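Good morning. Please have the structure open while I talk.

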Amino acid sequence: MKLKTLTRIALASTVALSMGIGMANAQTLNWARAGDSITLDPHAQNEGPTTALQHQISEALIVRDMTGKAVPALATEWGPSESDPNVWSFKLREGVKFHDGAEFDSEDVVFSFNRAMSEESNFKELLASVKEVRANGKYGFEIVTDGPNPLMASNLTNLFIMDKDWAEANGATKVQDVEGGEDTFASRNANGTGPYILVSREPDAKTVLRINENYWGIDQFPMDIKEIVYTPIQNQATRVAALLSGDVDFIQDVPVQDLARVGETDGLKVITAPQNRVIFFGMNQGDVDLETDNVEGKNPFADLRVRQAVNMAINREAIKKIVMRDQSVPAGMISPPFVNGWTAELDAVPENNVEKAQGLMNDAGYGDGFSIRLNCPNDRYINDEAICQASVGMLAKIGIDVQLEALPKAQHFPLIGGLKTDFYMLGWGVPTYDSEYIFNFLVHTKGEKYGSWNGVRFSDPELDMKIQGLASETNLEKRNQTIAEIWEVVQREQLYIPIHHQVLNWGMSDKVDTIVSPEDTPMFKYFKLGS
Amino acid sequence: MLAFAIRRMFQSIIVLLVVGLVAFSMFNFVGDPVDSMLGQERTDADVERVRIQLGLDQPFPVQYYKFLKGAIKGNFGISYRQGRPVSDIIAERLPATLELAFVSAVLAIIFGVALGIFTAIRRNGWAANTIMTLSLIGVSLPTFLIGILLIYIFAVELGWLPSFGRGDVVDLGWWRTGFLTKSGLLAIILPAITLGLYQMTLIMRIVRAEMLEVLRTDYIKFARARGLSKRAVNFGHALKNTMVPVITVTGMQIGSIIAFAIITETVFQWPGVGLLFINAIRFVDIPIMAAYLMLISVMFVSINLIVDLLYFAIDPRLRLDKTKG
């Protein structure tokens with residue numbers, strides 16, 4: 001009798017135990033993508049996978065939700081101060097605690113902003129207009145700018161807040177500095193206010209997060225996922241295999257050739273949405289003569305008609321159908337569709353007309369064509385090299401003989417920054433969701449502070465004035481008017497040859513319920529899990 | 001003997017210095033780390049500042065000299081990508097690669113020798129012929145293809161083994177091992193087979209060839225004529241005499257197992273030094289690349305040195321020649 005009871009208890013507890021394990025498994029999300037986060041230091045690297053992981057652990061004052069809309073996080077209200085347009089004031093959320101139990105207040109915000117503005121920070125450009133940050137009471141915070149900055153809020157969505165005392169206690173007040181030679185505590189540890197707590201991390205192998213039961217928003221968000229296991233898997237085939245075999249539940253980058261395979265597999269699905277990234281070609285139109293062409297003493301791209309002919313010769317539909325397997329949105333402007341200043345008319349797909357393009361080439365005096373080198377990355381954008389290869393064939397039809405040079409990104413991008421290429425591919429994402437960001441880097445004359453990615457050597461002092469003026473124009477209607485005027489010049493002068501907007505493909509188990517974020521940043525607190 | 005050892009060591013150091021010099025002269029062509037370090041929102045002034053900070057504006061002999069100066073003190077610099085000391089990162093990643101290499105080597109030796117003997121003794125049997133044909137696959141198929149193939153069969157279709165990673169590891173303080181957990185042991189099977197397949201077929205073919213050679217010799221015929229058992233002849237007399245070249249080749253192959261783990265590690269997302277190196281190349285993480293190349297060359301050079309010294313110790317003829325000459 002006694003033995004029987006004992007057995008029964010043992011049996012019952014075994015069942016309970018196995019059920020417990022089963023439930024834990026059901027609420028664990030195994031997440032994989034190609035790249036790992038580079039560092040846990042929130043201000044050291046402004047790069048996709050790094051901020052994506054950080055968003056689970058730490059929070060900014062304002063964050064973007066899964067639709068890309070800016071929503072309150074550690075700040076509940078914000079706006080330019082009514083008395084002084086040079087001051088932005090924020091009301092901070094009360095009662096928030098860091099993972100180690102420390103209380104969150106304005107002191108931490110001031111500390112984090114100063115840290116993010118230090119020289120080693122990767123975020124200082126986003127805060128370039130900030131003159132001073134100061135606390136206004138325990139739950140008030142103010143940013144003083146050089147001049148009025150109407151878009152301050154959208155620059156802050158990746159600017160994470162650290163605990164001041166934690167950073168000081170662990171010698172992490174400075175952003176990690178490769179030159180300094182010291183391993184900062186913050187690059188391997190994290191203490192945020194976010195929905196998930198870091199449990200363990202092995203770089204390039206495995207990072208484990210568990211739910212923060214004391215999260216301020218625990219009742220406001222689904223928070224179905226209790227544990228996240230994040231593994232970078234670089235090899236495309238292995239990543240897909242891991243999803244197919246059930247080793248992972250969610251991958252952020254399904255290769256286009258495997259979309260059908262994943263979609264057709266029972267228990268798996270693929271969801272897609274346009275990404276905040278546009279792909280285009282740039283042509284050196286500023287120099288008198290080009291080094292990589294065969295035309296002596298002249299620059300064919302300096303002639304607007306040649307640029308228009310190139311634009312017309314590219315068959316964007318064919319690139320979409322054949323190279324991208326339908327996974328792209330052909331583009332007519334170099335701005336993603338979510339961005340302020342984007343319009344459907346400007347983004348209308350340019351006409352593909354070889355005869356007309358040939359006519360323009362004849363008018364420009366290049367009826368017999370010319371040869372030019374095209375520089376292309378081969379490991380940065382989706383099918384980047386294949387897009388360039390397809391374009392070589394299309395440009396040959398109007399007599400432009402293109403020599404393609406495809407290089408890894410580490411070698412390709414310095415060519416653009418160092419003005420060593422006359423014809424190149426580039427992709428651009430707009431984290432601020434405003435055209436000013438595009439103009440600052442791609443349209444403004446290249447100089448110390450502006451135009452660092454302007455490889456087309458375009459320069460128009462009048463336009464530069466307009467671009468610089470955007471930063472402090474507080475009248476939004478007037479500002480949008482200026483943006484439209486600048487776009488008109490960019491389009492008329494055919495500064496760039498837009499190709500398409502990239503499309504994101506997230507592959508996941510059927511039990512995961514989410515939408516695709518245009519930033520390619522999953523915010524797991526919004527994810528729902530079915531059974 | 002001592003003079004020989006000292007001379008060999010001196011040569012080894014020169015080899016290491018040359019490897020380092022060649023590596024540094026190539027880093028200029030790998031790309032510019034500054035772009036990946038600074039991200040999209042950098043100004044031209046930032047790029048200039050960081051280039052000077054990292055000493056990238058200096059010619060490569062100067063960069064190499066600085067690296068050597070640090071390396072002698074055991075300081076390999078700070079990884080551009082991770083912002084941590086290179087020596088820490090490599091020490092953290094090396095156990096994964098060494099465990100993988102160890103298991104692959106053990107599998108290759110056990111199966112290689114066993115199958116080699118089998119195919120030699122049953123020279124004309126159908127099983128031996130099938131094995132010989134299949135072994136061609138091991139020699140001719142590239143590693144990444146074998147890896148993907150194994151993943152599809154055993155992880156996706158059959159669902160027996162994990163498709164990537166190292167499973168759960170146990171931290172012993174100075175060594176993180178996957179040998180102590182079930183998931184760790186399961187996870188090592190596919191990558192170890194992938195990595196060791198080439199070596200296995202190589203060993204198998206050498207053992208077979210050597211065995212066939214030895215089985216034809218007079219003393220084997222004599223042993224058979226004396227009426228010794230098959231077992232005694234094959235294993236007691238024949239196998240022993242085939243082992244000398246096998247040991248040499250195996251020793252040399254251990255170096256390549258570690259060096260060529262790069263591809264296997266990438267396919268299986270195995271968190272070892274090979275994967276670290278691949279990532280370093282993509283990011284132009286010069287300190288990591290330099291330290292890895294030095295590590296691999298130190299390894300090859302020391303294996304060579306040990307093998308040379310072993311020859312010297314084992315083979316009396318070599319010793320005689322040396323003392324004469």
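So, the interface. In this predicted model, 45 residues of chain B are in contact with 41 residues of chain A. Which helices of chain B supply at least two residues each to the side that touches chain A? They are helix 2, at 33-38, helix 3, at 44-54, helix 7, at 143-157, helix 11, and helix 12, at 273-283. Sorted by class, the residues on that side of chain B come to 22 nonpolar, 13 polar and ten charged. Please keep helix 11 in mind, as I will return to it.

Next, chain A. How many helices and strands does chain A have? The count is 14 helices and 19 strands. If you put a box around its C-alpha atoms along the principal axes, the box is roughly 100 × 60 × 45 Å. Of the 531 residues in chain A, 47% are buried. Now take the contacts in chain A between residues at least 6 apart in sequence: 70% of these join residues at least 24 apart.

Now chain B. Here there are 14 helices and two strands. The C-alpha trace of chain B spans about 85 × 65 × 35 Å along its principal axes. Buried residues account for 38% of the 325 residues in this chain. For contacts in chain B with a separation of 6 or more, 70% are between residues 24 or more positions apart.

Last, the pair of helices, both in chain B. Helix 8 covers residues 182-215 and helix 11 covers residues 261-268. Their axes come within 10 Å and cross at roughly 150°. The crossing of helix 8 past helix 11 in chain B is right-handed. On helix 8 of chain B, the contact is made by B:L190, B:P191, B:T194 and B:L195. On helix 11 of chain B, the residues are B:A261, B:T264 and B:F268. By class, this contact has five nonpolar residues, two polar residues and no charged ones. And helix 11 of chain B is also one of the helices that supply at least two residues to the side touching chain A.

That is where I will stop.

Note on methods: Residues numbered from 1 in each chain as written. Chains lettered and ligands numbered in written order. Predicted model: local features only at pLDDT ≥ 70, side-chain atom pairs only at ≥ 80, totals over all residues. Axes fitted to C-alpha atoms, helices over the stretch in contact; angles between N-to-C directions. Helix = DSSP H or I, 4+ residues; strand = E, 2+ residues; numbered from the N terminus. Left-handed = near helix turned anticlockwise from the far one by under 90°. Contact = placed C-beta atoms within 7 Å. Nonpolar A, V, L, I, M, F, W, Y, C, P; charged D, E, K, R; others polar. Buried ≥ 20, exposed ≤ 12 C-beta atoms within 10 Å, placed from the backbone.
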